[in-house]
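Biologist: I would like to learn how to read packing from a model. Can we go through one together?

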Amino acid sequence: MLLHGFLVALLLTLAQAITYRGADFSSLINVENKGIKYKDNGTSLPFETILKNRGCNLARIRVWTSNTYTEYSLSYALAIAKRAAAAGMDIYVDLHYSDTWADPGKQAIPSAWPKDLAGLNTQIYTYTRDVVLAFQNQGTPAKYIELGNEINGGMLWPVGRVSNNNYNNLSELLHSAAAGVRAASSSVKTMIHLANGWNYNAVNGFFSGVYLPGKLQPADVDVLSFSLYPFYGTGATPDALKSSLTNLVNKYNKEVMVVETNWPAVCSGVSLSANYPVSAAGQTSWFNNVKSIVQNLPNGRGTGVLYWEPGWIGNANLGSSCADALLVDSSGNTRSSIGIFAA
């Protein structure tokens with residue numbers, strides 16, 4: 001009887017799907033404005049409907065501080081959120097804290113923001129609070145909010161830049177941002193997002209330095225989130241990711257997600273970090289392996305994996321040197337890899 005109970009529990013554990021199988025499809029309205037339509041098995045449908053029908057249950061939406069609608073402004077992000085929520089997805093807001101792209105190579109202070117630490121602390125608190133409230137007030141409350149995008153080297157440069165392992169200003173700014181979230185909502189989960197989640201020494205070095213007395217505290221951060229791309233170095237292997245994320249869970253006991261990843265369907269002349277085929281089948285294998293790694297992290301702490309920009313026709317390389325990493329072809333027809341979101 002005991003053995004039977006153990007086997008049942010084991011099978012239930014193995015059968016349990018990872019909580020979130022998501023996508024960042026922030027480009028959608030801009031792509032549609034160029035006349036692009038999407039089709040799944042020959043049927044034209046809104047892209048968010050295709051994604052949800054295929055099992056995608058979390059929409060990651062980037063927000064820039066630009067006031068130009070199509071530059072991922074707050075009003076643009078709210079429009080995407082309405083559609084994603086209507087399709088049945090939960091909402092995840094990705095704050096860049098910049099008028100344009102923010103990543104490990106650039107983290108520019110918004111042009112209209114103060115340029116001193118005290119002013120930025122007030123600004124980031126108010127802005128973050130107001131963004132959370134905006135999503136809440138239109139009936140699409142965020143489940144997660146990311147406090148800066150790939151902030152390995154800090155954010156709001158030069159004030160919040162990490163230099164000579166000095167995290168003081170960044171720690172203060174992140175604490176202010178987290179306080180803004182908490183002022184608006186007791187349920188939204190805060191995220192710190194770093195690139196190269198496979199590199200344990202680098203990401204652990206960040207978390208070892210960023211928590212400081214009177215500034216950012218572990219209680220300010222609910223989720224550790226990471227990018228994993230196969231294009232930018234052969235060290236980004238599934239094995240390295242598994243080791244890194246396992247070590248992070250064991251050390252910090254936080255919820256963990258891989259919030260940006262993709263794999264090419266078309267590519268030549270680029271050294272990739274795993275030996276999957278360059279095809280829709282390879283996309284499926286890569287994503288499913290990452291999903292399995294996150295799902296099987298200790299203590300059930302791995303909760304989600306998200307594909308970055310699966311439908312961005314017109315930008316199919318997605319910033320890489322490969323030709324195409326989309327889950328659709330250039331005419332908007334889904335590839336077989338659209339099935340990666342299945343539970």
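Biologist: Which residues in helix 5 are buried?

Modeller: First, the ground rules. This is a predicted model, where local features need pLDDT of at least 70, side-chain atom pairs count only at pLDDT 80 or more, and totals for chains, interfaces and linings use all residues. Residues are numbered from 1 along each chain as its sequence is written, and side-chain values use heavy atoms, without hydrogens and water. Buried means under 20% relative accessible area, exposed over 50%, partly exposed in between (1.4 Å probe, protein chains only). An α-helix has 3.6 residues a turn, so residues three or four places apart point the same way. In helix 5, the buried residues include Leu 120, Ile 124, Tyr 127, Val 131 and Phe 135. Helices (H or I, at least four residues) and strands (E, at least two) are DSSP runs, numbered from the N terminus.

Biologist: What covers the buried residues of helix 5?

Modeller: The cover includes strand 4 (58–63), helix 4 (74–87) and helix 6 (168–184).

Biologist: Which residues have the most contacts inside the largest nonpolar core?

Modeller: In soluble globular proteins, nonpolar side chains tend to be buried together. A nonpolar core is a set of buried Ala, Val, Leu, Ile, Met, Phe, Trp, Tyr and Cys residues joined through side-chain atoms within 4.5 Å. Here the largest has 100 residues, with Phe 25, Tyr 97, Phe 207 and Phe 341 making the most contacts inside it. Apart from this core lies another, of 9 residues, among them Tyr 92 and Met 257.

Biologist: Is Cys 322 buried or exposed?

Modeller: Cys 322 counts as buried because its relative accessibility is 3%. Contact means heavy atoms within 4.5 Å. Beyond four places in sequence, Cys 322 touches residues including Phe 231, Cys 267 and Leu 272.
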